[in-house]
Amino acid sequence: MNFQPNAEIDHEGPVTPYRQLAGILRARIERGDWLPNRPISSESQLVQQYGLARTTVRRAIAVLVDEGLVYTVPQRGTYVAPRAEAPEGAAK
């Protein structure tokens, strides 16, 4: 499911809140809100911004980690993963 970067969480919708948040954060990364190797908003900021429990935010981040879009650094935060470069000579 595709989500818009400025979407809000629909607590009554058919998609679980953590999947909605993962989709929103994915869209924000794709839009360029956060650059590669730069931190995304902290868990606390995401909790406040989207009105979700910390465990829900952590599940959403785990989805993005599994997808390879972000990585976590203990005691530092969650960062956007570098984008894979196309091999030289590959069609763009």
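Student: In this predicted model, which residues does Thr 78 touch, not counting residues up to four places away in sequence?
Tutor: Contact here means heavy atoms within 4.5 Å. Residues up to four places away in sequence are not counted. That leaves Arg 38, Pro 39, Ile 40, Ile 61, Val 70, Tyr 71 and Thr 72.

Student: Which strand holds Thr 78?
Tutor: Look at residues 77-80. Thr 78 lies within that run, which is strand E2.

Student: Is Thr 78 buried or exposed?
Tutor: The relative accessible area of Thr 78 is 10%. The cut-off for buried is under 20%. So Thr 78 is buried.

Student: How do helices H1 and H2 pack, parallel or perpendicular?
Tutor: H1 covers residues 17-31 and H2 covers residues 43-50. Their axes are 13 Å apart, at an angle of about 110°. Angles of 65 to 115 degrees count as roughly perpendicular. Therefore H1 is, relative to H2, roughly perpendicular.

Student: Is the crossing of H1 and H2 left-handed or right-handed?
Tutor: The two helices pack at about 110°. Their crossing is right-handed.

Student: Which residues make the contact between H1 and H2?
Tutor: H1 contributes Leu 21, Ile 24, Leu 25 and Arg 28. From H2 come Leu 46, Gln 49 and Tyr 50.

Student: How many residues of each class are in the contact of H1 with H2?
Tutor: Leu, Ile and Tyr count as nonpolar, and Arg counts as charged. The tally for the contact of H1 with H2 is five nonpolar, one polar and one charged.

Student: How many salt bridges does the structure hold?
Tutor: Side chains of opposite charge can pair when their charged atoms come close. The cut-off is a nitrogen of Lys or Arg within 4 Å of a carboxyl oxygen of Asp or Glu. On that basis, the number of salt bridges in the structure is five.

Student: How many residues apart in sequence are the parts that Glu 67 and Arg 26 tie together?
Tutor: The side chains of Glu 67 and Arg 26 form a salt bridge, 2.8 Å from N to O. Glu 67 sits in the loop between helix H3 (54-66) and strand E1 (70-73), and Arg 26 sits in helix H1. So the pair ties together parts whose separation in sequence is 41 residues.

Student: Is Arg 28 buried or exposed?
Tutor: Asp 33 is partly exposed at 30% relative accessibility. Arg 31 is partly exposed too, at 43%. Arg 28 has 13%, and the cut-off for buried is under 20%. So Arg 28 counts as buried.

Student: What is the phi of Asn 37?
Tutor: Asn 37 lies in the loop between H1 and H2. Its relative accessible area is 37%, so Asn 37 is partly exposed. Asn 37 is not a glycine, although its phi is positive, at about 65°.

Student: Is Gln 75 buried or exposed?
Tutor: Gln 75 lies in the loop between E1 and E2. Gln 75 has a positive phi of about 65°, and it is not a glycine. Its relative accessibility is 82%, and the cut-off for exposed is over 50%. So Gln 75 counts as exposed.

How values were computed: Residues numbered from 1 in each chain as written. Predicted model: local features only at pLDDT ≥ 70, side-chain atom pairs only at ≥ 80, totals over all residues. Heavy atoms only, no water. Axes fitted to C-alpha atoms, helices over the stretch in contact; angles between N-to-C directions. Helix = DSSP H or I, 4+ residues; strand = E, 2+ residues; numbered from the N terminus. Parallel < 35°, antiparallel > 145°, perpendicular 65-115°, else oblique. Left-handed = near helix turned anticlockwise from the far one by under 90°. Buried < 20%, exposed > 50% of the residue type's maximum accessible area, 1.4 Å probe, protein only.
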